[in-house]
Amino acid sequence: MSEPSIEAVHLSRRFGSFLAVDDVSFSVARGEIFGYLGANGAGKSTTIRMLCGLLAPTAGEARVAGFDVKSAPESVKSSIGYMSQKFSLYLDLPVRDNIDFFGGAYGLSGPDFAARADEVLRLCDLEAERYATTGSLPGGIRQRLALGCAILHRPAVLFLDEPTAGVDPVSRRHFWRFIRALAREGTTIFVTTHYLDEAEYCGRIGLMVDGRLVALDTPAALKRRYVPGRVLAVRGRNLASAAASLRSRSGIIAVEPFGAGLHLQVAAADWDLASITHALTNAGAQAVEVEAGEPTLEDVFLAVVARPRDGEAHAP
Amino acid sequence: MLGRDPAQGGPAVRESLGLMPQQASLYPDLSVAENLRFFARLYCLPRALFRERSLRLLDITRLGPFLDRRADALSGGMYKKLALACALLHRPEVLLLDEPTNGVDPVSRRELWALLYELVHDGMTVLLSTPYMDEAERCHRVGLIHHGRLLLDGEPRALLAKFEDETYEVEGGERDRVDERLSSLSDVHAASPAGSTLRITVARGSAGTVATALTPLHASLRPVVPNFEDLFLARVRPEAAA
Ligand SMILES: Nc1ncnc2c1ncn2[C@@H]1O[C@H](COP(=O)(O)OP(=O)(O)OP(=O)(O)O)[C@@H](O)[C@H]1O
Ligand SMILES: [Mg+2]
């Protein structure tokens, strides 16, 4: 067994009295695509900043690409690529100058670097934009440039913190095709996203709730564990109020809006397509169409992360 | 805008308009509570209304436990939700939201949409932009703009009813191999992950050819109802490839 690419052992980070990352342990193998999911504020970016050697853990340890993040943060930084959640590109510079700038930051120069820069522009499909001002480019293209800048030095491990936030569906697909190709060639990918459809491409997924890693498994195993019922995808008119009246019936495990429709999670013994259609129609929904659906990671996310509200609220 | 040219309308137009720009600008060194209070004063919100609305917004955004945290110490999504809460304190006749939910998690997105529906029900007009097609589908009307041109405009259900492609889920086969095979077929207009399998849109009438191409991979097609993302992918694709 070779050493894992990423290994976190009882990793924690405190800000004052607030525990943002709470005793998290996991390891990620070389070439794996590891998805790190959780609600806003769960501690995803904080974990990534510790793994990148940018923020010191307050407890625990981590090794990335063979280096200890506490004792050798500089070695960690030169072996990884990091696309941060906040934008890191210089918007007033042309695309090519951003590449040069990031190359310089990794200590790359000379003819080898020029060849690599061209290669990255081609890989990321940015050749036509080479001289364009970065700030004038649409979000999807900028995101590709940020990725290109993160892989210039051929890092063994790539940390992507919400790389596709705000990116349209077509560009997101291009982006993921590229990520999967990198992983096939042996790059380890650690990625966060709030688009749970694309998380399906992860080999394994860690789910964070309030700083703790509460689940870690393959997408299929997470679905088996957290979405035990049958998922029915429902469309129609007046669905919301009709579905609300179903909530209390036995055998209805979950009712969640998905787009203009709903996902119902039901106990297979109690309900089928016909009886659900009938029940919704009786409750006032119209033009009801019900299909058997496959459980998605969004169903898992809602089951794990949706939690009761924090007790008493105070006015600001 | 409300019958006036917004460039000339002056204060009358501005008063009835709310705006949340894509790049939200909160005060980084003010806390969550201070930012909310600042916007409440800006909108001249009476104290009782401020109390009522801010409690509701803090509940939806789950920022209640973090009132004293400075805006610059919030996570990306928490910051976005604070900006949205500040914008929603005020109840203008027309609300413009430029990608309000980027980076917002799926639980909060659902709750924010429930609130938007309430506001619209009470008479507010909301115009919003979004890269999330599940949100597009929840609008009463959508316009699809691409390279500055309005490609589609209508009710989501009506647009879907006119959608010329067919949508299928691939059953069986190994996803990566199926994906690779599909990408070489010109009748396949889009492929997306759907659960552990793929969802594809294909040119009307071409499902037979596509199914034949997948048979050696032990995969078959099951028809499903198209959604707005399928439509987006099929409509935007020709230009994207050009
Ligand atoms: N410098 C800081 N001081 C105080 N609290 C902080 C600081 N940095 C982060 N936090 C808090 O730590 C928690 C975790 O933040 P983090 O950015 O890791 O969340 P996240 O999971 O990446 O969320 P998102 O999905 O919104 O990006 C949040 O409550 C955040 O406010
Ligand atoms: Mg984050």
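Over the ring of which residue does the charged end of Arg110(B) sit? In this predicted model, the ring belongs to Phe258(A), and the charged end of Arg110(B) is 4.8 Å from its centre.

Over all chains, the count is 16 aromatic pairs. One of them is formed by Tyr36(A) and Phe190(A), with 5.0 Å centre to centre and 50 degrees between the planes, a tilted arrangement. Tyr36(A) belongs to strand S3 (residues 33-38) of chain A and Phe190(A) to strand S8 (residues 188-192) of chain A, so this pair ties together parts that are 154 residues apart in sequence. Both Tyr36(A) and Phe190(A) are buried. These two rings are also members of a cluster linked by ring pairs, which contains Phe26(A), Phe34(A), Tyr36(A), Phe159(A) and Phe190(A).

A further pair consists of Trp176(A) and Tyr201(A). The ring centres are 6.0 Å apart and the planes are at 25 degrees, so the pair is stacked; the reason is that planes under 30 degrees apart count as stacked. Trp176(A) is part of helix H6 (residues 169-184) of chain A, while Tyr201(A) lies in the loop between S8 and strand S9 (204-209) of chain A, so the pair ties together parts that are 25 residues apart in sequence. Trp176(A) has a relative accessible area of 2% and is buried. Tyr201(A), at 10% relative accessibility, counts as buried. Tyr201(A) has another neighbour over its face: Arg180(A), at 4.0 Å from the ring centre.

Terms used
Residues numbered from 1 in each chain as written. Chains lettered and ligands numbered in written order. Predicted model: local features only at pLDDT ≥ 70, side-chain atom pairs only at ≥ 80, totals over all residues. Heavy atoms only, no water. Phe/Tyr/Trp six-rings, centres within 6.5 Å; stacked < 30°, edge-to-face > 60°. Helix = DSSP H or I, 4+ residues; strand = E, 2+ residues; numbered from the N terminus. Buried < 20%, exposed > 50% of the residue type's maximum accessible area, 1.4 Å probe, protein only. Lys NZ or Arg CZ within 6 Å of the ring centre and 35° of its normal.
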